[in-house]
Amino acid sequence: MSASSALRPRDQSAEEDFASLLDETLGRDTGFDGSVVSGRVLRVTDDAVIVDVGLKSEGRVPLKEFAAPGQKPEIAIGDVVELYVERYEDRDGSIVLSREKARREESWTNLEKAHAANQRVNGTIYSRVKGGFTVDLGGAVAFLPGSQVDIRPVRDVGPLMGTPQPFQILKMDRARGNIVVSRRAVLEETRAEQRSELIQGLKEGMILDGVVKNITDYGAFVDLGGVDGLLHVTDIAWRRINHPSEALQIGQPVKVQVIRFNQETQRISLGMKQLEVDPWEGVAAKYPPGAKYSGRVTNITDYGAFVELEPGVEGLVHVSEMSWTKKNVHPGKIVATSQEVDVLVLDVDAGKRRISLGLKQVQRNPWEQFVEEHPVGTEIEGEIRNITEFGLFIGITADIDGMAHMSDLSWDEAGEQAITKFNKGDIIKAKVLDVDVEKERISLGIKQLRDDPAAGVFDRVHKNDIVTCVVTAVQANGVEVSVDDVLTGFIRRAELARDKGDQRPDRFAVGEKVDAKILSVDRAARKLALTIRGKEMDEDKQAVQEYGSVDSGASLGDILGAAIRRRNQQSDV
């Protein structure tokens, strides 16, 4: 063995001992690096805390590490704190300590244990980041996704910020320093526990406290503490509510009663109005038929308007009971929502919760008023508002029309001819002929403004009288005639002559005068039915009576000839 090889082991051992002694002396490898030690606060400056950790020198810790997120540092001289040794000695000979890392190390250790045991941990949301929030878990910083904040989307997270609350750890990665937590998982678990407990003891009729969670068109969902119930819009209040938002707001505390509970589907129906006195109790005595009240229009439909007499008690004014004069119009053109109106109670059905009201009944019937102010025979003046094929509609008041039938337009002309002389918008006079209040009809006459020129003639002519007529028209089935230039008459073809051969209308000429016998008198139509044949037969009978008969041996021609000669002689005398 050479000297060099023999000396090598001793030299190596000596070098290692020297290095160990040097490290121990200089403190380069003390075993403190990366460990957590306890220290006592000696001084507090504006930006640092001086701590004695029992080593050869004091440590210096940034003051901000003693403050919770968003809060001021709370540290005082003499406080004992846990610190993390980053380096035992830096180039300045100071011990580098960290309060934040000490808390983080301790927190990570505790969080890993909680995560392994599936336990909840407490933390504080202190800032918002992209996609969620940051949570302080006692020194360790975790990420809270926005979807894990609550069971339902939260509009305002302000009340949650800075408030200690439980979280569930979803994922941990110590090497990367990542922690993901969920507040929603805690709420769902708590909600499930509360729901199970509530469902077991839930019964119809129970009164519970809840919070309005959501509002729809048909009602509101109320959180009863782990379970939701539906508060239908019709069960919010006794009064009419068109939309739940009129009475409720999201987040509003409410007291409700369980109306129905289905054990199988676990559906809960709630009510608020059931906790109040039913306003329909005793309503029949309070609102007797015939009584007049004031109310507010709450809703308008195609068939009428609902009027609130008191909170929770409404009646219907049917469209037929809204106006005396406005027919076939939408109720919205007569009343408006929220309008105060006077109504009359027509009928009450407390069992069906129905009250029939009348709006027009609180006003005077304009037809009754008209007949009082304008009795039959009164002369009125108005505007022609419409012309139909059967007459004229004349405006009497702003809302009432009267009708003059075409047969009452003229004494002298036919109705079809007389109506052509009137125009819409003309102001004319008329006489009241009849008023039917029940049917709301007023009959007017224009020709009645003057006396009937045929009235005197009618007094002189009677059935079976012989009158002289003037032919006015020749038709295929007879001739038209006039009597005294006032009355009109008609002689049918069969009544034109006794002999069939002479029963020809073309035998007569317009303007020709003929004598005829009256068969009937129609005063309403101002017409006469006449016969020449009947007159001739009457004359034959009279001639036979005066001058003999066929039985005596004389022929009918001889008798008539003698009668004619005698008449002519009398005429000459």
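Which residues lie nearest the centre of the largest pocket? Here are some notes to read beside the model.

1. **What you are looking at.** This is a predicted model, in which local features need pLDDT of at least 70, side-chain atom pairs count only at pLDDT 80 or more, and totals for chains, interfaces and linings use all residues. Residues are numbered from 1 along each chain as its sequence is written, and side-chain values use heavy atoms, leaving out hydrogens and water.

2. **The pocket.** D150, R152, P153, V154 and K213 lie nearest the centre of the largest pocket, which is lined by 20 residues. A pocket here is an open set of points on a 1 Å grid over the protein atoms alone, where a 1.4 Å probe fits, with protein on both sides within 12 Å along at least five of seven lines; lining residues have an atom within 4 Å of a point. The lining has seven nonpolar, six polar and seven charged residues, where Asp, Glu, Lys and Arg count as charged, Ala, Val, Leu, Ile, Met, Phe, Trp, Tyr, Cys and Pro as nonpolar, and the others, Gly among them, as polar. Helix α3 and strand β11 (207–215) each supply at least two lining residues.

3. **Helix α3.** Helices (H or I, at least four residues) and strands (E, at least two) are DSSP runs, numbered from the N terminus.

4. **I199, buried or exposed?** I199 belongs to helix α3 and counts as buried because its relative accessibility is 10%. Buried means under 20% relative accessible area, exposed over 50%, and partly exposed in between (1.4 Å probe, protein chains only). V186, R191 and L198 are also among the buried residues of α3. Leaving aside residues up to four places away in sequence, I199 touches V227, F261, Q266 and I268; contact means heavy atoms within 4.5 Å. I199 and F261 are 62 residues apart along the chain, yet their C-alpha atoms are separated by 9.5 Å.

5. **Two loop residues to check.** Most residues other than glycine have a negative phi. E440, in the loop between β24 (427–436) and β25 (441–445), has a positive phi of about 55°. N464 has a positive phi of about 80° and lies in the loop between α7 (455–460) and β26 (466–475). N464 is partly exposed, with a relative accessible area of 45%.
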